[in-house]
Amino acid sequence: MKRNTQLPLSDTLKPDSRCRYVLITPARNEEKYIELTIQSMIRQTVRPMKWVIVSDGSTDRTDEIAGKYLPEHPWMELIRTPERESRNFGGKVRAFNAGYESVRSLPFEFVGNLDADISFSPDLFEFLLGKFADNPKLGVAGAALMEKGSVVYDYDIVNVEHVSGACQLFRRSCYEQIGGYQSIKGGGIDWTAVTTARMMGWQTRTFPENSFLHHRTMGTGKGSVLGSRFRFGKQDYYLGGHPVWEIFRGLYQMTKEPYLVGGAFLLSGYVWGWLSGTKRPISDQLVAFRRKEQMERLKQIARRKLLPASEP
């Protein structure tokens, strides 16, 4: 294990209580992109008290790349966890928790997960912290996810209350109330955290006026795009997605690349989860909450699309 033992450095550019945030980055073999993430953090107008990169058993140059920045940036820290055979989201949660334990005693007010394959503008965290300052009920916040130069989600369709797991910033009291990230090997840890927060009365929101660039196509860390669509469909099933919502979601995804087959693989994954009796790792209460949200949102979309003239 390598560890930077220097004390955390509060932001010196804009001393403000909003600077009291920490970030944790689980990183497993991220040599291709992690330097872009590091450079984005170094350029932030409001830096964190501490940014912990947890090398999750990496066997490539991830540790070497992160390590070379530590001497000049004492607010960064590198922790290494033992090597493991496979890449999965359960391991990501264990790595995040290892990072969280290392910062738990610090007087931070916000904690975030930051993936090691993204880059973003210098004002991203100043922007998000400002949103928390404006709204004390805001529990989770994030920016728009971009891939290949375009925003991934159409927020006219996709729920703006979901916050992408690649960059999620929590109010500490919210994070601790939901019990942190739940270990789900197949994925959905970000969705579970954000939706649980809403179920407990917090507001959650993606702010599309700011964004970050995801350099690896979403869901392809473990395989192909079509494979990821199948896994997303299976994930939708075990995370309690409503069948009616899933049909519309599959049809919508057929209009996106890869055309037709992407949506078909998504629906196939959902049906596979149902037929194989895949066990749901979340509570019945959360399933019911999700389905109620989905049906309400479906009605809102239908009203907006079918009755545009009735809108103010």
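Guide: The accessible surface of the chain comes to about 14,700 Å², and 56% of that surface belongs to carbon and sulfur atoms. Such areas come from the Shrake-Rupley method with a 1.4 Å probe, and for residues only the protein chains shown count as cover. This is a predicted model, in which local features need pLDDT of at least 70 and side-chain atom pairs count only at pLDDT 80 or more, while totals for chains, interfaces and linings use all residues. Residues are numbered from 1 along each chain as its sequence is written, and side-chain values use heavy atoms, with hydrogens and water left out.

Visitor: What share of the 312 residues counts as buried?

Guide: A residue is buried when its relative accessible area is under 20%, exposed when over 50%, and partly exposed in between (1.4 Å probe, protein chains only). In this chain, 51% of the residues count as buried.

Visitor: How many helices and strands does the chain have?

Guide: Helices (H or I, at least four residues) and strands (E, at least two) are DSSP runs, numbered from the N terminus. The chain has 10 helices and 9 strands.

Visitor: Is helix α6 mostly covered or uncovered?

Guide: Helix α6, residues 189–199, is mostly covered, with 9 of its 11 residues buried. Among them are W191, V194 and A197. The cover over the buried residues of α6 includes α3, β6, β8, α5, β9 and α10. Just after α6, G201 takes a positive phi of about 100°.

Visitor: Why does V140 count as buried?

Guide: V140 counts as buried because its relative accessibility is 0%. This residue lies in strand β6. Contact means heavy atoms within 4.5 Å. Leaving aside neighbours within four places in sequence, V140 is in contact with residues including V194 and A197, both of which are buried in α6.

Visitor: Which residues line the largest cavity?

Guide: On a 1 Å grid over the protein atoms alone, a cavity is a set of points where a 1.4 Å probe fits but cannot get out, and lining residues have an atom within 4 Å of a point. Grid points are joined across faces, edges and corners, and a volume is the space filled by probe spheres set on the points. The largest cavity, of about 50 Å³, is lined by K92, V93, F96, N113, G165, Y181, I189 and D190. The elements that give two or more residues to this lining are α3 and α6.

Terms used:
1 Å grid on protein atoms, 1.4 Å probe; cavity = no way out; pocket = protein on both sides within 12 Å on 5 of 7 lines; lining within 4 Å.
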